[in-house]
Amino acid sequence: MLKQRDKPKLVILGCGWGSVALLKNLNPDNYHITVVSPSNYFLYTPLLPSATVGTLELRSLVEPIRRITSKVKGHFLKANAEEVDFSAKLVEVSQTLPTGEERRFYLPYDKLVIGVGSKTRTHGVEGLEYVEFLKNVTDARKIRSKVIECFERACLPSTTDEERRKLLSFVICGGGPTGVEFAAELFDMLNEDLTLMYPKILRNEVSVHVVQSRSHILNTYDEALSRYAEERFARDQVDVLTNARVSKIEKDKVIFTQKDGGDGKIVTKELPFGMCLWSTGVAQTDFAERIAGQLELQRNKHALETDSHLRLLGTPLGDVYAIGDCSTVQNNIASHITEFLKQIAWEKGANPETLALDFGMWRNVATRVRKRFPQATDHLRRLDRLFEEYDVDKSGTLDFQELKELLGQIDSKLTSLPATAQRAHQQGQYLARKFNKLAQAAPGLAMNNVTDGDVDEAVYKGFEYKHFGSLAYIGNAAVFDLNGMSIGGGLIFVYLWRSVYFAQSVSIRTRMLLAMDWGKRALFGRDLMNF
Ligand SMILES: Cc1cc2nc3c(=O)[nH]c(=O)nc-3n(C[C@H](O)[C@H](O)[C@H](O)COP(=O)(O)OP(=O)(O)OC[C@H]3O[C@@H](n4cnc5c(N)ncnc54)[C@H](O)[C@@H]3O)c2cc1C
């Protein structure tokens, strides 16, 4: 076994879903691991909306990262990655002292994994300093405090009727899973605890509005499920405003335009608020943006582009990887056409560009495409049909142009991977398996003096995302979109939803805390206090 100082240095930036899955699956004997992150805990984000109204405690959703790094004999640095020097293999890291003074230092790496997540997308809307975001523990704590503050102020005798209406209006901009789940949690709290804790507030004085730019909420889910969620919200008097685009936020109101049902005219409307949540998709962090700006091959404005082996495009092969929300896999299959044809052309002694592929050769190319781009596997099932369809001149072979069009058509069917915990987790697991294999292969490669070439490709297949479905809590009901099977319903589904997250939760400690929180809420209601 290698001594710690002789192991390759693996630096992991971030301790979210992707990084933790990587850490949990790495062989502790293979790498000298250092994790850098401004937060020293892993946050179980799917249950974060429950913490905004006190259904769950924040401590039940976090796991100390040091508990995880210690299992792989790793180190943790509570700091921010600022820059990367890819040729010197150094990460520039900053730490801010309590005095506000910033100190910087360099961290060397042999392999670097970037898993810095994302920030909330602003869509260039003005006035976002007046809204709340829901990305981390601090955000959830702020929302909880603000919601309670609104109720407390609404009860004061000095509060005017107009102020009271405003304070008791909660607006959620964004009808995706986070916005919908927050609305659902708020709705539960209003029904279950409000009248008991705030007898001076009438339930029908409180309003919850979801402003959604698309024609349905939960629009990435099956249509039947988003309709079910809308019907449920309509019944629960959660006001869903679809086809509504926020144009500006002012101190106490949201200004938006909405297509009017009848004649489709665009009308400008306003909603006053006591608390407004902004949850409208994800954008690159400042760090990821700086990295992308350094590299010529990075052309995507929303995420760091990797190849199918999750290697950051534009960096030396096998040095830098990116996973999770901060990354996107570039599946430009057609641009690799010469690479796929090279081997066959070499065997036939022909030029790849003038080669005519018979069906056997096409099958050979398809096998290579599947290995390099596993995400394309589903689109390469009926090879005979594809061959027939793209053999336009009916010559019984595919020429370069015909093959290019065939691969281009597969490219157009590949959608970008979702920014979800599920994807980040799978990418972390994938990298761990590959890194374990690379470590196993390293002594053999060193013995044979193999120092360059595509080692990743040689030891492991490309990354393939498998979608296992999506869930969402919609207020005493839950919806499940499970790969074509969509189901939703009341209490049974809520317990099912809870048990999925309970089972997935990171440790026995967090599972116990979750069970205690749910029990505590059932017995005593939510803790509606702000400190
Ligand atoms: C409220 C909410 C609910 C969600 N619900 C679901 C759900 O139900 N199902 C689902 O699949 N997904 C859900 N998601 C999405 C899911 O949380 C993300 O897709 C997932 O967290 C992405 O994982 P990641 O590893 O890429 O980044 P993250 O988990 O976001 O972790 C990023 C890490 O990078 C660190 N970091 C940031 N900047 C730097 C830097 N400069 N240097 C070093 N470290 C840095 C951060 O501190 C953090 O530790 C939800 C997200 C939110 C916010």
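Predicted model: local features only at pLDDT ≥ 70, side-chain atom pairs only at ≥ 80, totals over all residues.
Residues are numbered from 1 along each chain as its sequence is written, and side-chain values use heavy atoms, with hydrogens and water left out.

Let me start with the domains, whose bounds come from an automatic or database domain assignment. The protein chain is assigned domain 1 (4–38 + 79–118 + 284–330 + 418–459), domain 2 (128–282) and domain 3 (334–413). Taken over C-alpha atoms, the centres of domain 1 and domain 3 are separated by 32 Å.

Now to the ligand. Counting a residue as near when one of its heavy atoms lies within 4 Å, we find 29 residues around the ligand, the closest being Gly18, Thr45, Ala81, Asp325 and Ala421. Helix H1 (17–25), strand E2 (32–37), strand E6 (80–85) and helix H13 each supply at least two residues of this shell, and H13 gives the most, with three residues. Helices (H or I, at least four residues) and strands (E, at least two) are DSSP runs here, numbered from the N terminus. By class, the shell holds 14 nonpolar, 13 polar and two charged residues, where Ala, Val, Leu, Ile, Met, Phe, Trp, Tyr, Cys and Pro count as nonpolar, Asp, Glu, Lys and Arg as charged, and the others, Gly among them, as polar.

A backbone N or O atom of Gly18 lies 2.8 Å from a ligand oxygen, and a backbone N or O atom of Trp17 lies 3.1 Å from one. From the side chain of Ser39, an N or O atom is 3.1 Å from an oxygen atom of the ligand. Taken alone, the ligand exposes 1,000 Å², of which the protein buries 84%, with areas from the Shrake-Rupley method and a 1.4 Å probe.

A pocket is an open set of points on a 1 Å grid over the protein atoms alone, with protein on both sides within 12 Å along at least five of seven lines, and lining residues have an atom within 4 Å of a point. Of its 27 lining residues, Lys111, Leu438, Ala442, Leu445 and Val455 are closest to the centre. The largest share of the lining, six residues, comes from H13, and the lining has 13 nonpolar, four polar and ten charged residues.

Finally, the cavities, where a 1.4 Å probe fits but cannot get out: there are two of 30 Å³ or more. About 50 Å³ of space lies in the largest cavity, whose lining has five nonpolar, three polar and no charged residues. The second largest cavity, of about 40 Å³, is lined by no nonpolar, three polar and six charged residues, among them Glu57, Lys520 and Arg526.

Notes. Polar contact = N/O pair within 3.5 Å; in protein donor to acceptor, adjacent residues only side chain to side chain. Points joined across faces, edges and corners; volume = space filled by probe spheres on them.
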